[in-house]
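Me: Please take a close look at a single part of this model, the contact. Give me one connected answer, and go on from there to whatever else stands out.

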2 protein chains.
Amino acid sequence: MSDTGVTVKKNEDFSEWYTQVVLKSGFADYAPVKGCMIFRENSYSIWEKIQELFNQKIKATGHRNVYFPLFIPESLLKKESEHFEGFMPEVAWVTQGGDSQLEEKLAIRPTSETVMYATFAKWIRSWRDLPIKLNQWCSVVRWETKATKLFLRTREFLWQEGHTVHATKQEADREAKEILDAYKDVMETYLAIPVLVGTKTELEKFAGALYTLTLEAMMPDGKALQMGTSHQLGQNFSRVFNIKFLDENEKERQAWQTSWGFSTRVIGALIMVHGDDKGLVLPPKVAPTQVVIVPIPYKGVDADLIAAKTRELLEKLQKNGISTVLDDRAEYTPGWKFNEWELKGVPVRIEIGPRDMKQKQIVLVRRDTSQKSAVKEEQTVDAVVKALEEIQNKLFDKAKRFLEDNVTTVKTYDEFKNTLRNKGGFIKASWCSKTECEEKIKEETGATIRLIPFEKEKTFARCLYCGQEPKEVVYFARSY
Amino acid sequence: MSDTGVTVKKNEDFSEWYTQVVLKSGFADYAPVKGCMIFRENSYSIWEKIQELFNQKIKATGHRNVYFPLFIPESLLKKESEHFEGFMPEVAWVTQGGDSQLEEKLAIRPTSETVMYATFAKWIRSWRDLPIKLNQWCSVVRWETKATKLFLRTREFLWQEGHTVHATKQEADREAKEILDAYKDVMETYLAIPVLVGTKTELEKFAGALYTLTLEAMMPDGKALQMGTSHQLGQNFSRVFNIKFLDENEKERQAWQTSWGFSTRVIGALIMVHGDDKGLVLPPKVAPTQVVIVPIPYKGVDADLIAAKTRELLEKLQKNGISTVLDDRAEYTPGWKFNEWELKGVPVRIEIGPRDMKQKQIVLVRRDTSQKSAVKEEQTVDAVVKALEEIQNKLFDKAKRFLEDNVTTVKTYDEFKNTLRNKGGFIKASWCSKTECEEKIKEETGATIRLIPFEKEKTFARCLYCGQEPKEVVYFARSY
């Protein structure tokens with residue numbers, strides 16, 4: 001359905017490149033309603049794959065999926081004021097049902113803490129009812145006023161939100177960390193996107209959380225993208241929503257909670273990190289189509305023989321669990337097809353022409369390197385499996401090298417500003433731990449502290465802003 | 001989490017029985033927002049299973065899942081007036097984003113024809129772009145004003161909606177029928193709910209459709225429940241939304257369309273059809289937990305031995321792909337546990353006590369019949385597999401018999417009204433095919449024509465209302 005290929009280069013006009021890749025590959029589209037988007041077959045298929053992977057992980061650790069309502073009464077949303085304030089400017093309100101004005105307006109959920117926790121309070125009586133470990137896949141709405149960016153900033157997006165209740169702080173700590181590890185595996189092993197992990201500062205943490213754990217990836221334009229967060233909520237919400245339980249000794253105690261989420265933004269990261277001038281490059285483990293077979297017809301050679309061979313190969317690959325498409329459309333040239341499947345990011349292309357038929361071989365072309373190799377026909381499945389593995393690893397390694405090359409250590413604020421201006425990326429610096437310095441830096445440069453690494457690094461200079469005693473090493477960046 | 005069991009009998013106060021079963025089994029709950037519900041773990045798990053089954057079917061026939069936005073601008077929704085009129089009184093409107101009034105109010109989707117078809121028109125240029133075969137799983141909102149009934153009538157519910165575009169009428173006809181067959185298999189083979197299939201009358205069809213195919217099940221209170229519908233939309237929407245394509249001869253042609261859906265209502269049907277005085281009875285193929293193991297401790301006997309044995313059995317069943325739970329909670333008596341798991345509808349219970357240990361056996365109890373049998377320990381897996389199969393078949397057979405027993409053939413309107421009053425169920429009658437008669441009957445009795453069967457039956461009397469020449473045999477019923 002794409003009329004032509006991408007007309008700008010990734011490193012020349014990154015933003016325009018991104019939009020063209022998404023639209024022309026048929027990966028997603030704008031919707032008839034402002035600020036919203038359509039997840040078309042191929043991007044939604046990746047989301048389904050991510051759901052499947054993450055569901056496996058969380059179900060194995062005793063979580064269950066549920067569905068809570070889309071609507072939250074204003075009074076309930078307002079209950080946790082700290083939390084509410086942050087979402088207030090971004091809430092879409094339903095005020096009318098049929099022809100009647102509603103007595104109380106209803107928020108479309110920006111997130112479900114309030115509606116879930118009011119219910120948890122009702123469900124929990126004693127320690128026997130704990131832990132509660134629930135998750136839901138749904139869409140959420142945040143009324144963005146800035147321009148839409150497909151997958152990255154839309155008024156409605158898809159996500160999962162996990163919400164758990166525990167008897168002790170230790171259990172909630174463990175839960176928050178366990179989920180972060182599961183996220184990391186999904187991002188790195190499947191999406192091939194390396195991440196830095198750590199803790200958010202007080203300023204950057206989720207409103208109402210005790211602390212927030214985060215995963216941060218680096219985009220080609222030097223901006224960080226938050227791939228997911230996992231919050232230890234402490235007892236903040238449980239006090240507001242009155243979530244208490246009787247312990248084994250019939251003593252009333254306050255519950256501990258976590259919440260965690262990641263969204264379809266990660267698909268935006270996938271496009272940015274791996275894509276190239278020809279279009280999408282999809283990691284084989286999540287690619288909806290892993291292999292495309294293109295027959296190369298030639299005058300004077302029996303086209304039926306090639307057709308039979310390609311169909312045989314299609315079946316063989318599918319039987320081996322490799323998601324394969326045969327593009328035998330008569331109305332397009334092989335060259336046109338190559339471009340289209342490259343634009344769509346299919347990891348491996350197989351070509352079969354008259355010469356290949358004669359020599360009992362196929363030609364295998366890798367999407368990531370454009371490398372071509374002739375493979376003996378009977379070794380096709382093995383060669384494809386190997387190529388898919390190599391592409392998956394190569395994409396991750398390349399992104400990992402990029403991430404590492406884009407961590408710059410600075411000692412002074414001047415160095416910091418220079419790096420931001422000339423290179424971007426993560427900037428590692430020593431910091432005094434005071435929110436004032438953090439706020440000033442944000443105000444003056446737009447960069448925020450993305451994370452405090454789990455493994456404390458030794459400070460190597462005075463605080464980059466105030467020059468006082470440093471407390472810790474943190475990672476700054478501008479971000480999406 | 002249930003304090004006590006169900007306190008009314010199914011055949012004494014069906015409505016109260018239903019609500020108690022749903023709430024006390026922890027299957028679902030009311031939400032903090034009026035008219036909405038919470039799909040808790042066990043009911044949502046059945047929905048996930050249904051999704052998995054139906055996805056397999058439609059993906060095998062070339063359909064793909066997508067996600068279109070929740071919001072539909074008023075102007076777009078109004079575009080298809082016939083369609084719009086039906087939904088108008090039930091639409092929830094977003095009028096405010098953050099602190100600002102929206103210029104145009106946005107409907108929360110009651111269904112997605114309009115937003116999808118406006119987009120299809122943009123995507124389709126030529127025959128090469130056809131067919132389009134898309135489906136989405138999402139929540140929809142219809143602003144019901146009647147009292148909420150969990151799963152059956154709530155302001156928000158979950159469903160799938162499929163939307164396809166084809167080059168010819170024949171293709172669209174085939175698609176609508178193919179989907180109906182897939183629905184029938186999900187309902188009958190997995191949910192164990194037998195259905196009658198057929199066509200809706202002009203009065204009862206989906207607004208804007210050429211014709212509507214339907215599946216109708218019979219509930220224990222004698223009312224029919226529509227389990228899903230599949231619409232051949234003809235060219236009605238394609239004309240309004242200007243969905244055209246160039247055929248192989250470069251001639252512009254109007255496209256043909258279908259849409260089809262079923263919702264979480266089917267879970268309501270599942271509860272009503274199979275449940276009994278003790279609570280839920282879940283068909284094994286969709287039960288989140290298929291087997292529960294309850295150890296029966298006894299004074300003076302080594303509890304550790306029983307504990308080890310039950311854990312061994314748990315592992316063995318799980319390894320064989322049987323979803324099993326071991327209930328070894330020390331704080332509850334076996335009797336208490338029996339009641340709880342029966343309430344939750346788990347198909348098979350296994351008990352192991354000191355006597356069973358001695359005799360190297362287990363006791364297997366069927367949820368549907370309460371039948372107990374001693375099984376040699378080494379034959380447990382086989383016995384469980386067999387019991388699960390039998391329960392699945394038995395539930396279907398029982399429901400099928402009930403359905404058949406509740407089809408009454410009548411010749412006169414008096415017989416018709418008597419049957420409705422005394423028995424309910426489906427009423428088979430000869431009809432003149434005129435909408436006037438159909439409307440009068442609905443007005444006077446509340447019964448509607450549920451379907452015209454696919455296999456035309458021979459008329460056996462004059463039209464039951466007007467006494468004129470009969471045209472066809474149809475099935476009436478009161479319905480949910």
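Reply: Two residues are in contact if their C-beta atoms, placed from the backbone, lie within 7 Å. Residues are numbered from 1 along each chain as its sequence is written, while chains are lettered from A and ligands numbered from 1 in the order in which they are written. This is a predicted model: local features need pLDDT of at least 70, side-chain atom pairs count only at pLDDT 80 or more, and totals for chains, interfaces and linings use all residues.

Start with the contact. Chain A gives 48 residues and chain B gives 48 residues. On the side of chain A that touches chain B, the elements with two or more residues are β2 (37-39), α2, β3 (64-65), β4 (71-73), β5 (92-97), β6 (100-108), α5 (113-123) and β8 (156-166) of chain A. Here β5(A) has the largest share, 6 residues. By class, this side of chain A has 29 nonpolar, 8 polar and 11 charged residues. Nonpolar means Ala, Val, Leu, Ile, Met, Phe, Trp, Tyr, Cys and Pro; charged means Asp, Glu, Lys and Arg; the others, Gly among them, are polar. Helices (H or I, at least four residues) and strands (E, at least two) are DSSP runs, numbered from the N terminus.

Now β5 itself. β5(A) pairs with strand β5 (residues 92-97) of chain B in the antiparallel sense, over 5 bridges. Two strands pair if DSSP finds at least two bridges between them. A:W93 has B:Q96 of β5(B) as its bridge partner. In general, strands of a sheet pair through backbone hydrogen bonds, either parallel or antiparallel.

Helix α2 of chain A is also on that side. The helix holds 20 residues, 41-60, and at 1.5 Å a residue should span 28 Å; its end C-alpha atoms are 28 Å apart, which agrees. The expected span is 1.5 Å times one less than the number of residues. Its buried residues are A:N42, A:S43, A:Y44, A:S45, A:I46, A:W47, A:I50, A:F54 and A:I58. A residue is buried if 20 or more other C-beta atoms lie within 10 Å of its own, exposed if 12 or fewer, and partly exposed in between, with C-beta atoms placed from the backbone. Just after α2(A), A:G62 takes a positive phi of about 85°.

Most residues other than glycine have a negative phi, and most peptide bonds are trans. The peptide bond from A:L130 to A:P131 is cis, with omega near -10°. A:P131 lies in the loop between α5 and β7 (132-141) of chain A. In chain B, a cis bond joins B:L130 and B:P131, with omega about -10°. B:P131 sits in the loop between α5 (113-123) and β7 (132-141) of chain B. B:F151 has a positive phi near 70°. This residue is in the loop between β7 and β8 (156-166) of chain B, and counts as buried because it has 25 C-beta neighbours inside 10 Å. A:S433 has a positive phi near 80°. Its place is the loop between β21 (426-431) and α14 (435-445) of chain A. With 16 other C-beta atoms within 10 Å, A:S433 is partly exposed.

Step back to the domains. Chain A is divided into domain 1 (14-274), domain 2 (291-387) and domain 3 (407-477); the bounds come from an automatic or database domain assignment. The centres of domains 1 and 2 of chain A, taken over C-alpha atoms, are separated by 41 Å.

Last, a sheet in chain B. Five strands form an open sheet in the order β16-β15-β17-β18-β19 (chain B), with mixed pairing. β16 (324-326) and β19 (372-376) of chain B stand at the edges, each with a single partner strand, so one side of each is left without a neighbour in the sheet. Strand β17 (residues 348-352) of chain B runs antiparallel to strand β18 (residues 361-366) of chain B, joined by 4 bridges. B:R349 has B:V365 as its bridge partner in β18(B). B:E351 has B:V363 there. β18(B) and β19(B) run antiparallel too, with 5 bridges. B:V363 stands opposite B:A374 in β19(B). These two strands, β18(B) and β19(B), form a hairpin with 5 residues between them, and B:S370 in the turn has a positive phi of about 65°.
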